[in-house]
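Student: Could you walk me through this one? I'd like to ask things as we go.

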Amino acid sequence: MVKRFSVMFILTILVAIAHSAAVAEAGDKAGSPEPVFKHSDVVFMYASDEAAYKAYGATFVAWGGANSKERVKMHHDLGIRCTGSMWCLTAGAKTLYENAELREAVARDIEGKPIEVSWLFDHTYKDMKTYFGCTNHPAFREHSRQQVRQAMAGGADGLHIDDHLGVAQAATAFGGGLCDYCVAGFREYLKKHATREQLAETGVKELENFDYRDVIRKVAKTRDEYMKVQSKIPLIDLFRQYHLEAVADFVRELHKVGEEAAGHPILLSANACLPERRHVVVVKYLTHVVCEVSFNARQGTAKPDDAIAAFEMARSLGKPMAATASGWDWSHIKAKNVEELVRFWIALTYAHGQWFMVPHPQRQWCFNNELGTHWYQAPIEAFAPVYQFIRKNAQWFDGFEPIDASEIKTPANVLCTARRKGESGPIVLHVLNRDYDAEADRMRSAKDVRVSFPKNMLEGLSGSARLLSYDGDGEDARIETDGDTASVTIPELRLWMLVVIE
Ligand SMILES: [Zn+2]
């Protein structure tokens, strides 16, 4: 099950400390020889069939579907790396109904009551609802390890962890994370991380028998009361941070379990929904991020800011991100039957150095209030040409890194990013038209688009330029100079043009 409401639950808690620690750690690893992805890689979200893989030039499947030797071999024979996937959110209603031990191992509120996963209200079994599992409870932890062993039994290249926040999600947004195991874990966390002053302010004299629920009960006896006053409860920031770190440690443990099951080192991803800060803590343990980002589809191309913030944050954390749009975005695409907007998302994502996962031919997850979960079947012929363009022009994607584009000038409604190979190699400008005509589902074609930039960007280059697009023939272009400024003019900009400067 994919993530659904993250935007609604964006918390204001700042885990800036964890963020900077992750940045530092990523920095330590800079220069590691083998990147997880080449930029020309084409990533499927879920597994698909051979025809679709070939149409898109697939090289990676990010979100499971290869948990047996046969499935792994099928992918490898096609030159595709693949993954197993497991779910940290819940054991599921049916398993909870059948397994008394796992029924105990659910997230609990201040009253000791289990917490239902609100967006899975329709996932019931007999009279059993879907409750959050507790990733601090030994029984749910063993259940999770067992899922990893099954997912990786075929020896897949990577493990994907879905809903990696586990009980931290219940603790930070739904009044949970208060079972005996969680409270005992928090006690140990405080011993290491709480200052004397913090404890004194809370009236804690000794930690040996400290039970955080006693602090909470002084101001809130029920979950409803707790949710209202939560942010004012003493030590609450440490409590949330404890949960985020505890589940990140568990993700790290699952990585080891996966490697043992696979019999070799594996990649590790989670749907860490950047830029939401709750998701930052785990990122340092991942090899890459696989997640949904919001493109605000209902506003056309006007507000891709959240998506761009996610791309930039992943880059600052030193991890590649394979992204798709949110279920809300996809429900708009399906309802309006539009495609150009999706091609804009693909181009925008690659222009920012990340990967937009192939719009799935059978199962692209959509969500809105009217229909709940539903699915979009993305037509291959609408999107495969964009990916084939990327595959065919791998030399202008692979090994390029972003360079400062703040001095680059374009007309209104045109976006531009700049990427360069090495210190003095060729430069590629990614020029995107965002003048979207929603009625026609087309970008309004722009003529003679002048892109200007400081002339000193050309130092060490011969100054030849070539224009490349997925929907047109390549053509040479002239770079003109005027004083300290250089410029190139694109005769017609439809959606996305690469300006290759050598
Ligand atoms: Zn718990």
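Student: At what angle do the axes of helix 8 and helix 12 cross?

Tutor: The axes of helix 8 and helix 12 (residues 236-262) come within 10 Å and cross at roughly 105°, where axes are lines fitted to C-alpha atoms, for helices over the stretch in contact, and angles run from 0 to 180 degrees between N-to-C directions. Helices here are DSSP runs (H or I) of at least four residues, numbered from the N terminus. This is a predicted model, in which local features need pLDDT of at least 70, side-chain atom pairs count only at pLDDT 80 or more, and totals for chains, interfaces and linings use all residues. Residues are numbered from 1 along each chain as its sequence is written, and side-chain values use heavy atoms, with hydrogens and water left out.

Student: Which residues of helix 8 make the contact?

Tutor: On helix 8 they are Tyr181, Cys182, Gly185, Phe186, Tyr189, Leu190 and His193, which meet residues of helix 12 including Leu238 and Phe239, contact meaning heavy atoms within 4.5 Å.

Student: Switching topic, what coordinates the zinc ion?

Tutor: Cys134, Cys179 and Cys182 coordinate the zinc ion through their SG atoms at 2.2 Å; donors are N, O and S atoms within 2.8 Å of the metal (3.2 Å for Na, K and Ca), and because water is not among the atoms, sites may look incomplete. Cys134 lies in the loop between helix 5 (100-104) and helix 6 (138-151) and Cys179 in the loop between helix 7 (167-173) and helix 8 (180-193), so the pair ties together parts 45 residues apart in sequence.

Student: Are Cys134 and Cys179 buried or exposed?

Tutor: Both Cys134 and Cys179 are buried, meaning under 20% relative accessible area, with exposed over 50% and partly exposed in between (1.4 Å probe, protein chains only). Buried residues make up 57% of the 502 residues in the protein chain.

Student: And how many helices and strands are there?

Tutor: The protein chain has 16 helices and 21 strands, a strand being a DSSP run (E) of at least two residues.
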